[in-house]
Structures are given as C-alpha cells and as structure tokens.
Amino acid sequence: MSSRTVEMELQTPTLDAEGRVRHVPLGVSDSAYEEGFGSEHMLVNIGPQHPATHGVLRLVLELEGETVLRCIPHIGYLHSGFEKLGEYRQYNQLIPLTDRTDYLSPMANNVGLALAVEKLMGIELTERCKVLRVIACEMSRIISHLVWLGTTGIDLGAYTPFLWSFQERERIYNLQEAWTGARLTTSLTRVGGLMADIPEGWEDGLREFCRTFPSTLDEVDTMFTRNAIWIGRTQDVGTMSREDAINYSLSGPMLRASAVDYDVRKDRPYLDYETYDFDVPVGEHGDIYDRYTVRMEEMRQSNRILEQALDRLRPGPINVDDPRVILPPKSRAMSDMEAMIYHFKQVMEGVKPPAGEAYMGIENPKGELGYYMVSDGSAKPVRWRIRPPSFINIAALPRMCEGALLSDVIAINASVDIVMGEVDR
Amino acid sequence: MTPELKGFLLVSIVKLLVVFTVVMVGVALLTLLERKVSAWMQNRRGPNRAGWAGLLQPAADGLKNILKEETRPGASSRVLFLAAPAMAFIPALMLSAVIPFAAPLRLDFDFTLPLLGRFVHQGMMPMVVADIPAGFLFVLAISSMGIYGIALAGWSSNSKYSLMGGLRASAQMVSYEVAMGMSLIPVLLLTGDVSFSAVIREQQQTLWFVLPLFVSFFVFAVAGLAEINRLPFDLPEAESELTAGYHTEYSAMKFSMFFIAEYANMVTISAMMATLFLGGWDIPFTTWDESGTVLAVLVSHLFFFAKVFSWIFLIMWLRWTLPRFRYDQLMALGWKFMLPVALAYIMVIALALWGMGQLGWTAPGTRAWALTAVSLILGVIILVGLDRGAIVGGSDLRRRRLAAAAARTQLAGRPGAPGMD
C-alpha cells in the first residue's frame with residue numbers, strides 16, 4: 001500500500017518547517033483513481049459539511065472496512081473569538097456573547113456569567129432573582145437535552161421523536177420569548193439581577209408545560225428505552241470507564257453516565273440548589289445507552305425543580321439594591337440628581353468589580369460550564385476564560401471511537417452532545 | 001398471425017399500458033402518502049399547498065426534478081454513472097408484470113378491424129401482464145438485478161460515501177436474498193407450483209398462507225424490508241452516516257429514478273406479500289370472486305389493493321418508528337438468524353407434509369389447519385425467543401477494539417503519521 005497518501009492526508013493543513021503553508025488536497029482529483037485507493041485503509045472525511053456532525057465538526061476517519069482505526073477530530077471552523085472580544089467589552093456586554101457560545105441553552109450561560117461577575121464583586125442576590133435564575137437554568141437544561149434527544153434519534157435513524165421533542169422545545173422557546181423578547185439570544189441576566197421580571201401570567205404557562213411535558217418524555221421512552229434496535233445500537237458502544245471519564249475531565253451527563261456521582265448543583269451549590277429536592281441520575285457502564293438514560297432522567301428531575309421553583313416564587317425585587325451595578329428606574333433618573341449620576345456612570349463606565357479573580361462553575365446541560373474572570377478594577381475584564389463542557393467532552397471522542405464501526409462513530413458523536421459554538425468559541 | 005394471437009397481443013398491450021400507468025401514478029402518489037403518513041405520526045400536516053390536500057405535490061416534485069440541473073462528479077465513470085439509475089429503475093418496473101392484480105375476467109370477443117384483421121379472445125383472461133410459469137422465481141431473479149444499479153451507482157460516482165453505500169447495499173441485498181428465497185420454499189412445498197396463479201388458487205381452496213406458513217411470512221416480511229432498503233434496514237443510504245449513500249452524487253431526474261425505483265420496489269414487495277401470504281386478490285369466505293364477471297374482477301381488485309396498501313402502510317409506519325440497524329447487526333440478523341430459521345422451517349414443513357401423508361391426512365383443509373397449529377407454535381417460540389440479546393446482539397466492541405489495537409501497533413511501525421496520537 002502507498003502509506004504516503006495516508007500520511008499526507010492525515011496532516012492538518014499547517015506550516016512546514018520553513019514557514020510555508022502546506023496544502024492538503026481535499027477535492028477529487030482529475031484522474032479517475034485516487035492515489036492510494038487500492039490500499040487496505042480508507043480515509044473518510046466526515047464534515048465539516050455533513051448531516052451528523054452537529055455543526056461544523058470535522059472528523060477524519062481511517063477505516064479498515066467499516067472499522068475505525070483512528071478518528072481525528074478537527075475543530076475551529078466556527079471560531080468566533082468570544083474570549084478575546086470579551087476583553088474589549090464591559091461585563092454586562094459579555095452577556096450577549098454567552099448567548100452565542102452554547103446556543104442551545106443560552107439562558108443558563110447568561111446565568112453562569114452573571115454569577116461569575118457577582119462572585120467577583122461579592123454581591124448577594126435577591127430571593128426572587130435566585131428562583132427565576134433557577135427556572136432559567138432548568139428550562140435551558142430541558143431544551144438542550146431535547147435537542148440532544150432528537151438529534152441523537154435522527155443520527156440513529158429514528159426521525160419521529162425528533163419532531164416530538166422539538167415541539168416541546170418550541171413551547172419553552174415561546175416562554176423564553178415572552179420573558180425576554182428573544183427566543184435564542186435571550187441575554188436574560190444582568191450583573192446583580194435580571195433584564196426583566198417575568199410577565200404577568202407567565203407562571204401559568206410554565207406550570208402548564210411542567211404538567212404536560214412528562215407525557216412526551218414517556219412517549220419517547222416507549223419508542224427507545226426498550227427498543228431492541230436502540231439497545232443494540234447504544235449499549236456497550238462508546239464506553240468510557242470511571243477512570244477514563246475522570247482522566248479525560250469529562251463533566252455533566254457524560255461523567256455521570258460513567259458512574260461518577262458529580263453534579264455541581266449538589267457538590268458546589270449555587271443559587272440555593274441545595275434547598276431543592278431533586279435526584280442526580282448516575283449511570284453504570286458509561287456507554288451511549290447510559291448517557292441516554294441519564295439525560296432522560298435529568299429532564300424529569302429538571303421538571304421537578306421547575307415545579308418547586310414555581311411554588312416558591314414570591315413577589316419581590318429582582319435586582320439588588322446596589323447603584324454600582326443596577327441602573328436606577330428611568331422615572332427616578334429623570335427626577336432625582338443622585339439617580340441621574342448613577343445612571344450616567346453606569347452607562348458611560350459600566351460595572352466595575354474590584355481587582356481580583358474568580359472562577360464560577362455551574363452545571364450546564366452539557367457539563368460543567370466555568371467562567372474564569374480576571375479583573376484589574378476597570379470596567380472590562382483583563383481576561384475572560386470559558387471552560388466549555390462540549391470542548392472538553394469532545395476531546396474524548398478519538399478514545400471512544402477507536403475500534404468502533406462507522407455507524408458507531410455517528411452515535412458516539414451524538415451522545416457527547418456538542419455545540420460547536422461552544423467548542424470553538 | 002392467427003386471430004387468437006392477435007387477440008392475445010391486444011389484451012396484453014392494454015394490460016401492459018394499464019399496469020405501467022397505474023404503477024407509475026401509484027408510485028408518485030406513494031411519495032405523497034409517505035409524507036402524509038409521517039406528518040400524521042409527527043403532529044404535522046404534511047404537504048397541503050399544491051392541489052387539494054397536496055395531491056399535486058408529486059407532480060410539482062417531478063417537474064422540479066426534470067427542470068433541475070444535472071451534475072456529475074468530474075472523476076466519475078461516465079457510462080456507468082449514467083446507466084446505473086436506469087439499471088435500478090427497470091427491474092423495479094419489470095416485477096409488476098407478473099403479479100396477478102385481480103380475479104380472472106371472462107372475456108370473449110371476435111371482431112375485425114380494417115387493415116389489422118380479425119381479433120379473437122375466448123375464455124378466462126388472467127389479470128396479469130405475463131402469467132409466466134416461473135412465477136416467483138422470476139421475481140427473485142429480477143429483484144436481484146436491482147443490486148447492479150445500486151452497486152454500480154455507488155462505484156461509478158467515485159465518492160467514498162457512495163462507494164460505502166453501494167458496498168453496504170450489495171452485501172445487504174445479497175444476504176437477505178438468500179433468506180428470502182429460502183422462506184419461499186415452504187410455499188412451493190405446499191403449493192407444488194411456483195406460479196402466482198397456482199399459489200393463489202391453493203390459498204383460495206384452503207387458508208391464506210400467513211397462517212399455515214407463519215414463520216415463512218415473518219422471514220419474508222423482514223427480508224423484504226431489507227431487500228428494498230427501507231428502515232430499519234436503510235443502511236445503504238443512511239443519511240446521518242453516508243449523507244445519502246449510493247445516490248449522494250446524483251441529482252435531478254437521475255436521483256428521482258432511484259427514488260421511484262425504491263417506491264416501485266415497495267409496491268412490488270407488498271404485492272408479493274399480498275399474493276404469497278395474504279391470498280392475493282382472493283375475497284375470503286366466498287367463491288363469487290371467481291365468477292369472471294366484471295364486477296367480481298373490480299371487487300377482487302379492490303381487495304388486492306387493500307392488502308397491498310395495508311402492507312405499504314405498515315412499511316411506512318416502521319420507517320417512522322424504528323431506529324436503524326448497524327452493519328454488523330444487520331449481517332448477523334440475516335445470516336445467523338433469518339437464514340437458519342428459514343432452513344429449519346423448510347425441514348419442519350417438509351417433515352410435517354410427509355408425516356401427514358403417512359397418516360393419510362391428504363385433504364387440503366386438514367393439512368392447512370394442522371400446519372397452522374405447527375407454525376403458530378413455532379412462531380410463538382421464535383418471536384418470544386427474539387429477545388434483544390439473542391437476535392440484535394450487543395456490540396462486539398471489545399473484540400473489535402482489540403483488532404484495532406493490533407492494527408494500530410502495525411501502523412506505529414510505519415514511517416509517517418506523526419503527532420496523531
């Protein structure tokens with residue numbers, strides 16, 4: 001076999017020793033036969049344009065027959081430079097950027113960022129704000145898992161549950177729209193509070209969702225959980241042992257499916273999660289099936305949390321009473337000298353945390369989302385670092401795909417639940 | 001040319017035109033039906049803009065596909081790339097020629113046309129384009145031809161996705177062809193003839209074969225699904241893995257021809273199902289349908305249509321319900337389960353028939369009921385034994401991972417491939 005072809009194509013396009021750009025041909029050549037086509041191993045390029053790469057992930061697979069010998073993920077096709085952008089933005093201006101990283105759970109990202117800045121500043125939130133943020137986080141978890149459920153179904157060939165789950169997701173999107181005016185780019189939080197309180201009657205809409213949503217989950221459950229084909233496709237595929245899961249720094253459902261009982265909401269609680277009554281599902285084998293069951297159960301638990309949060313929602317202020325971070329009401333800004341000064345300083349300068357640094361990790365749907373903020377006392381962060389769960393989870397993909405079949409690669413990739421906006425940032 | 005031959009040619013041409021038109025229009029409407037059925041299962045409405053209830057949607061799709069630009073990969077093999085869609089399409093249509101779609105019609109005419117001469121036809125006219133004695137052997141032979149179109153489409157595109165789709169398709173269709181052929185041998189044993197007319201006659205006199213040959217029915221149903229590449233066996237075009245499998249590189253009308261071939265195959269397999277196991281055009285509990293009147297022909301045709309349609313619906317229902325098999329599971333199911341079951345069942349039926357011959361139970365009704373009892377017992381055993389561990393099987397990932405590790409060690413010794421660990 002001509003190993004040269006294999007060697008060439010496995011290279012990422014890069015600079016060689018002399019600093020010249022090395023180009024790797026990807027298209028079909030003019031000749032009828034590809035060089036090395038007669039070799040035993042075949043290189044298949046999956047993505048960045050492919051139905052099952054969940055965005056623009058590119059996988060180069062070296063196949064022997066249909067068995068994967070090596071899987072090399074290439075990332076960076078959706079790089080947006082959010083972290084660098086953040087260094088030129090005031091803290092509240094970072095929030096729209098977080099919408100766009102993990103765009104399947106924007107509200108939870110907003111909450112995470114606000115919590116990180118509040119930790120830096122030592123701000124204690126109001127009760128109502130905490131409850132509303134919990135609601136935002138858990139709604140995000142449900143919609144993110146619903147997208148995961150639907151797309152995994154499609155990747156394994158089952159199309160119908162995709163539409164069922166998207167119909168449920170649509171209902172949450174409507175609720176998000178009613179709350180923030182946007183369906184996807186919610187920008188819900190502000191440092192010290194929220195951009196808006198929920199509108200009148202909104203709770204009833206969420207209550208109705210909580211009441212009816214589990215029946216859809218039950219339907220999907222009927223379709224998948226004991227389906228022989230589903231079981232055959234998912235059990236013992238893409239297995240990560242307990243040790244591997246920890247060594248690869250997995251988090252979220254990926255980690256819990258591998259029998260590691262770690263949930264930031266329980267282990268390092270924020271937003272008073274310790275006062276809510278919910279269970280953390282933990283898998284046993286660390287395969288795709290366990291990830292599926294873990295996520296299904298997480299949706300039910302999120303539903304439980306939502307119901308509890310709705311019950312403890314009391315009228316009250318949503319923003320802290322701190323003029324350093326929260327704009328005064330418009331009416332007062334126009335009539336009261338002091339309020340006007342605060343308004344002016346807020347708009348012109350922004351929130352100014354003290355010099356220092358803070359790390360805030362929250363349990364995002366895809367894993368532990370961390371925001372690490374470094375402040376020098378000015379209104380803009382010196383460094384804003386995101387710990388994106390998808391990025392760290394996807395790093396285990398080559399390990400999981402080794403020795404699997406081509407179809408398994410698709411299933412494994414789906415089970416990791418990645419969002420490329422977050423992987424590439 | 002004798003007047004009788006002319007009469008035969010005349011009715012044959014009329015039947016040919018009717019069947020061709022009905023199949024083509026039916027296929028077009030099936031695409032609409034598929035979308036409507038899926039919409040119904042997914043709480044949607046489906047196409048409802050073109051024409052009343054979307055009835056003109058297939059016409060719009062056809063028009064669009066004719067007007068679209070044809071593209072061809074630069075490195076494809078030109079002749080085969082162009083021929084492959086036709087090679088997939090023609091066998092699919094040829095099969096509809098041998099399926100009897102209604103009870104025979106008593107047709108007597110004798111007339112003379114200017115220039116063409118005298119036309120004569122007398123007696124029962126079978127409602128089938130070609131009532132050939134080879135019967136379902138012809139179907140098995142021709143349906144295997146469909147593989148060529150698909151395999152060549154995959155190969156000639158010179159694309160890796162297409163190639164893998166073509167490989168999967170040929171492996172899958174060849175494997176299930178075997179189980180399918182084996183599952184039909186009990187039908188042959190029971191009927192003593194392979195022609196469809198004889199099979200239907202036997203079922204009219206006794207029971208529909210779905211009862212006495214239940215296991216064959218089951219194997220044929222599964223193998224049939226695999227034969228036509230429909231979910232859960234749609235690996236050759238697994239969208240999420242191979243983008244579109246063997247027809248990834250096809251566009252416009254050539255793509256449509258694969259599409260039409262798929263639906264035509266669906267009609268054929270459903271018609272085979274109806275004919276071989278559900279009594280064909282037979283109307284149960286009456287012999288009126290054999291009277292040969294026009295009304296009897298029409299009503300029996302409706303019955304045939306209903307049987308075919310319900311099977312097509314079941315196929316669509318499965319598609320929108322089930323996930324897809326993996327390649328190795330598919331092969332394991334075909335070779336390790338379907339084939340042995342079909343072979344064992346041939347033995348069981350042959351032994352049972354021989355035993356009944358020894359016991360003197362030669363009346364067809366008695367035979368059929370006795371076989372029903374045997375088959376249903378076997379069916380229960382197989383279907384209850386069809387648990388997830390035994391049939392679909394868990395993954396043999398561990399073995400494959402070891403194999404990959406071994407291959408990897410070899411790779412490591414090879415120059416090049418740096419930094420890939």
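Biologist: Why is Ala259(A) called partly exposed?

Modeller: Ala259(A) has a relative accessible area of 21%. Buried means under 20% relative accessible area, exposed means over 50%, and partly exposed is in between, with a 1.4 Å probe and protein chains only. The value of 21% therefore makes Ala259(A) partly exposed. This is a predicted model, in which local features need pLDDT of at least 70 and side-chain atom pairs count only at pLDDT 80 or more, while totals for chains, interfaces and linings use all residues. Residues are numbered from 1 along each chain as its sequence is written, chains are lettered from A and ligands numbered from 1 in the order in which they are written, and side-chain values use heavy atoms, with hydrogens and water left out.

Biologist: Where is Ala259(A) found, and what is its phi?

Modeller: Ala259(A) is in the loop between α10 and α11 (264-267) of chain A. Helices are DSSP runs (H or I, at least four residues), as are strands (E, at least two), numbered from the N terminus. The phi of Ala259(A) is positive, about 70°, although the residue is not a glycine. Ser249(A), also not a glycine, has a positive phi of about 60°. Ser249(A) lies in the loop between α9 (242-247) and α10 (253-257) of chain A.

Biologist: Is Ser249(A) buried, exposed or partly exposed?

Modeller: Ser249(A) has a relative accessible area of 34%, so it is partly exposed.

Biologist: How do you know whether Gly150(A) counts as buried or exposed?

Modeller: Gly150(A) has 0% relative accessibility, so it counts as buried. Gly150(A) is placed in helix α5 (residues 127-155) of chain A. Not counting residues up to four places away in sequence, Gly150(A) touches Phe162(A) and Ser165(A); contact means heavy atoms within 4.5 Å.

Biologist: What makes Ile123(A) buried?

Modeller: The relative accessible area of Ile123(A) is 13%, and therefore Ile123(A) is buried. Ile123(A) is in the loop between α4 (106-121) and α5 of chain A. Leaving aside neighbours within four places in sequence, its contacts are Glu118(A), Val191(A), Gly192(A), Val320(A) and Val325(A).

Biologist: Why is Ala368(B) called buried?

Modeller: Ala368(B) is at 5% relative accessible area, so it is buried. Ala368(B) belongs to helix α12 (residues 364-385) of chain B. Apart from neighbours within four places in sequence, Ala368(B) is in contact with Thr206(B), Leu207(B) and Pro212(B). Its C-alpha atom is 9.9 Å from that of Gln205(B), a residue 163 places away along the chain.

Biologist: How many aromatic pairs are there over all chains?

Modeller: The count is 28 aromatic pairs over all chains. Rings of Phe, Tyr and Trp (its six-membered ring) pair if their centres lie within 6.5 Å; planes under 30 degrees apart count as stacked, over 60 as edge-to-face and the rest as tilted.

Biologist: What kind of pair do Trp230(A) and Tyr292(A) make?

Modeller: The ring centres of Trp230(A) and Tyr292(A) are 5.3 Å apart and the planes are at 65°, so the pair is edge-to-face. The pair links distant parts of the chain, 62 residues apart: Trp230(A) is in helix α8 (residues 228-234) of chain A and Tyr292(A) in helix α12 (residues 288-311) of chain A. Trp230(A) and Tyr292(A) are both buried.

Biologist: What sits over the ring of Phe166(A)?

Modeller: The charged end of Arg169(A) does, at 4.8 Å from the ring centre. The rule is that NZ of Lys or CZ of Arg is within 6 Å of the ring centre and within 35 degrees of the ring normal. Arg265(A) lies over the face of Tyr273(A), 5.8 Å from the ring centre.

Biologist: At what angle do helix α3 and helix α9 of chain B pack?

Modeller: Helix α3 (residues 78-94) and helix α9 (residues 252-277) of chain B pack at about 20°, with axes 8 Å apart. Axes are lines fitted to C-alpha atoms, for helices over the stretch in contact, and angles run from 0 to 180 degrees between N-to-C directions. The angle makes α3(B) roughly parallel to α9(B). Angles under 35 degrees count as roughly parallel, over 145 as roughly antiparallel, 65 to 115 as roughly perpendicular and the rest as oblique.

Biologist: How do α12(A) and helix α17 of chain A cross?

Modeller: The axes of α12(A) and helix α17 (residues 406-416) of chain A come within 10 Å and cross at roughly 30°. That makes α12(A) roughly parallel to α17(A). The contact is made by Ile288(A), Arg291(A) and Arg295(A) of α12(A) and Ala411(A), Ile412(A), Ser415(A) and Val416(A) of α17(A).
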